[in-house]
Amino acid sequence: MKVGCHLSSAGGYLAMAQTAESIGANVFQFFTRNPRGGAAKPIDRNDVAAFLDYAAEKGIGPILAHAPYTLNAAGAEPRVREFAEEVMIDDLKRLELTPGAMYNFHPGSHVGQGAEEGIRLISNHLQRVVRRVLGDLSSEHRSIGASEHLSTVVLLETMAGKGSECGRSFEEIRAIIDQTESAFRRSTFNPQPSTFSLGVCLDTCHIWDGGYDIVNDLDGVLEEFDRVVGLGRLKAIHLNDSMNVLGAHKDRHEKIGKGKIGLEAFRRIVNHPKLRDLPFYLETPCDLQGYKEEIALCKSLRGNS
Ligand SMILES: [Zn+2]
Ligand SMILES: [Zn+2]
């Protein structure tokens with residue numbers, strides 16, 4: 001079972017992998033920089049090399065980098081959108097140093113412009129980001145081993161629909177993917193859709209708060225996801241319980257089994273044939289001992305359904 005949690009990136013990559021190992025995790029998530037969006041620390045190549053060796057030896061990965069949650073690719077002001085663009089370009093270039101990583105982001109909030117306009121802005125954002133990253137990597141940064149293909153899979157996180165969040169339904173996620181990929185297909189120059197991978201990170205708390213009943217109808221929700229988005233796009237699960245009732249559109253995480261989703265639903269989630277091989281990331285904030293216990297709990301749910 002691939003299971004882990006959100007870890008502090010303060011000590012670098014190797015430290016995160018060692019911490020993961022010490023609490024029984026074989027995957028982990030981290031913020032690429034201060035979650036409120038400050039400058040990222042310079043990459044230490046020795047740390048990256050040591051991490052890659054250690055991760056290969058211990059079977060750790062895929063790692064999931066989380067963009068600062070304050071980025072808003074759908075912001076109304078150009079300044080806000082440009083900031084989101086610069087941060088994501090920088091993050092993705094850095095992540096090419098750790099091949100096979102995934103990069104998760106909150107699609108954005110349309111702040112009153114309407115969901116349709118929000119989705120258009122997010123799609124434009126992704127197009128510009130991917131073009132710039134591939135362009136930069138293939139010229140100035142060839143030395144870091146860039147290829148014509150972005151090795152990092154970019155994931156759209158399913159959102160609870162708090163405020164004006166985009167990505168509140170499977171249809172909105174699908175619309176972002178479609179607009180982005182069809183724009184690339186229409187363009188006469190690179191990148192084509194095949195040069196990068198766009199996937200989805202499903203957050204159990206968010207979709208529950210968004211109105212998808214994973215407690216009473218997990219099969220139905222997954223069938224709907226498959227029909228609207230396609231299960232092939234699903235690359236990661238954020239495993240969080242919720243403080244709120246179905247459809248509350250609140251986004252308040254709770255530890256596994258302590259919230260309204262409940263332990264039995266999580267037992268079905270981690271054992272579901274369509275989900276069980278995906279990496280599960282716990283992210284309800286707690287100390288390492290708490291995460292260690294939560295990881296052990298998830299493993300104990302496995303194979304017991
Ligand atoms: Zn998130
Ligand atoms: Zn999440």
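Okay, let's start with a pairing: cysteine 5 has leucine 282 of S12 as its bridge partner. Before I go on, this is a predicted model, where local features need pLDDT of at least 70, side-chain atom pairs count only at pLDDT 80 or more, and totals for chains, interfaces and linings use all residues. Residues are numbered from 1 along each chain as its sequence is written, and chains are lettered from A and ligands numbered from 1 in the order in which they are written.

When I say helix or strand, I mean DSSP runs numbered from the N terminus: H or I with at least four residues for helices, E with at least two for strands. Strands pair if DSSP finds at least two bridges between them.

So, S1, residues 3-6, pairs with S12, residues 280-282, in the parallel sense over 3 bridges. S1 is also joined to S2 by 3 bridges, and those two run parallel. There, cysteine 5 stands opposite phenylalanine 28, and histidine 6 has glutamine 29 as its bridge partner. To get from S1 to S2 the chain goes through helix H1, residues 13-22, in a right-handed β-α-β crossover. Right-handed here means that, with the strands pointing away from the viewer, the path from the first strand over the helix to the second runs clockwise.

Now, S2 itself, residues 27-31. Why is S2 largely enclosed by the rest of the structure? Because 4 of its 5 residues are buried. The cut-offs, with C-beta atoms placed from the backbone: buried is 20 or more other C-beta atoms within 10 Å of a residue's own, exposed is 12 or fewer, and partly exposed is in between.

S2 also runs parallel to S3, residues 64-66, with 3 bridges between them. Glutamine 29 turns up again, with leucine 64 as its bridge partner in S3. And S2, helix H2 (residues 45-58) and S3 make a right-handed β-α-β unit.

Most residues other than glycine have a negative phi, and most peptide bonds are trans. The bond from glycine 61 to proline 62, though, is cis, with omega near 5°. Proline 62 is in the loop between H2 and S3. Valine 111 has a positive phi of about 40°; look for valine 111 in the loop between S5 (108-109) and H4. With 16 other C-beta atoms within 10 Å, valine 111 is partly exposed. Histidine 249 has a positive phi too, near 55°, and sits in the loop between S10 (241-242) and S11 (253-254).

H4 (residues 115-138) and H5 (residues 170-186) pack at about 45°, with axes 9 Å apart. Axes are lines fitted to C-alpha atoms, for helices over the stretch in contact, and angles run from 0 to 180 degrees between N-to-C directions. H4 and H5 are therefore oblique to each other: under 35 degrees counts as roughly parallel, over 145 as roughly antiparallel, 65 to 115 as roughly perpendicular, and the rest as oblique. That's it from me.
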